[in-house]
Amino acid sequence: MTKQVGVLTAGGDSPGLNAVLRGIGKAAQEQFRMHVTGFRDGFRGLMENRTVDLDEQSLSGILTLGGTILGTSREKPHRMIVGGRPMDMTDAIVENYRRNHLDVLVCIGGGGTQKNAYRLMQKGLNIITLPKTIDNDVVMTDVSFGFDTALGIATEAIDRLHSTAHSHHRIILVQTMGHRAGWLALGAGLAGGADVILIPEIPYSIEKVARAIAGRSRGGKHSSIVAVAEGALSLEDLAQAEKAQKGKTKRQKTAGGSTRRDLDSLEMAQGHNTLNIAKQLESLTGLESRVTILGYLQRGGTPSADDRILATRLGTACADLIREDVYGVMLAARGDKAEPVKLEEVVGKIKTVPLDHSWISSARRVGTSFGD
Ligand code: F6P
């Protein structure tokens, strides 16, 4: 019997999504004669049964396209806004899975998507997930597709910022995405020769950052590049976050709400973090400072060759898993192999940069400061 495969892309978009859809779709249909249905805009499209036939024609010519032809959203099955209110729409999703006679639902996404997919697995659906995110923070996989492209974009930005920083004798801070992980800032900082790299895994002291930059200045280097991960924390931020977290644990038993607001406002403040660091560095070093926030540039445009290859490898290997009825897994990239790992080993965890990672030690050995 023809197997019915459902596919959706969820969470923030990322270069390589179309390449993976093409990989799954072509291998599933051309090799194994399966039928592939895409759902639009992540879990919302599955809840509303908005489908698109991923036939030969719709998969053609999309390998190099950025974004996702299916559309995406951050909506969660158990908390979807319907009629202006958050509602648990899990049952509607399960019903549409059955209505489409699906044998499997392939969910392509980052940490949040893995969690949502796991919840659907617990409701009895056959699930396979694939790791996608420019943040590279999905556990159990060497890498997630989208990361290499974003790394290239951030590195090129740093390359370009060096010359203008040098001409004006300025400090230029460049903020990368990455959520609570420092992979992008660290990788781009190392590849682009940033003088300071600030990542969430290594809380910084602003005085130490200023000292490193002032030292460069005394040595005749009057410009500096600081790569800042969006989740970077100063030692003071960390103390505040820990305090708020403690409060949360205590108050969870009682009210809960106000501590949630503390955490939210801290996260919002972090959005302005890089601007604050620039101001502080200007006053501590006397050097003019400027900020470049790379933002969504890192998620847009055509995927790199590495991401196309990874997405095609994982996508085609996903078709093999479906043929073998291997479900409840995320397909991870491990060296040259694509290996299924149990979804329960993936959910609720994030892959941060280990402090003994070679990227950190190599950066230190070429004189990069982490502000610690
Ligand atoms: O998870 C990918 C990511 O791009 C993060 O790096 C960033 O913090 C977040 O998504 C931005 O999300 P949104 O698209 O919802 O603004």
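**Reading the surface, fold and ligand site**

Biologist: What is the accessible surface of the protein chain, and how much of it belongs to carbon and sulfur atoms?

Modeller: Accessible areas come from Shrake-Rupley with a 1.4 Å probe, and for residues only the protein chains shown count as cover. Here the protein chain comes to about 16,900 Å², with 51% belonging to carbon and sulfur atoms. Bear in mind that this is a predicted model: local features need pLDDT of at least 70, side-chain atom pairs 80 or more, while totals for chains, interfaces and linings use all residues. Residues are numbered from 1 along each chain as its sequence is written, and side-chain values use heavy atoms, without hydrogens or water.

Biologist: Which residues are around the ligand?

Modeller: Being near takes a heavy atom within 4 Å. That gives Arg74, Ile134, Asp135, Met177, Gly178, His179, Glu230, Tyr296 and Arg299.

Biologist: How far from an oxygen atom of the ligand is the polar side-chain atom of Arg74?

Modeller: For Arg74 it's 2.6 Å, and a polar side-chain atom of Asp135 also lies 2.6 Å from a ligand oxygen. With Arg299, a side-chain N or O atom is 2.8 Å from an oxygen of the ligand. The protein buries 71% of the 400 Å² that the ligand exposes when taken alone.

Biologist: Is Gln175 buried or exposed?

Modeller: Buried means under 20% relative accessible area, exposed over 50%, partly exposed in between (1.4 Å probe, protein chains only). Gln175 is buried because its relative accessibility is 7%. Across the protein chain, 52% of the 372 residues are buried.

How values were computed
Polar contact = N/O pair within 3.5 Å; in protein donor to acceptor, adjacent residues only side chain to side chain.
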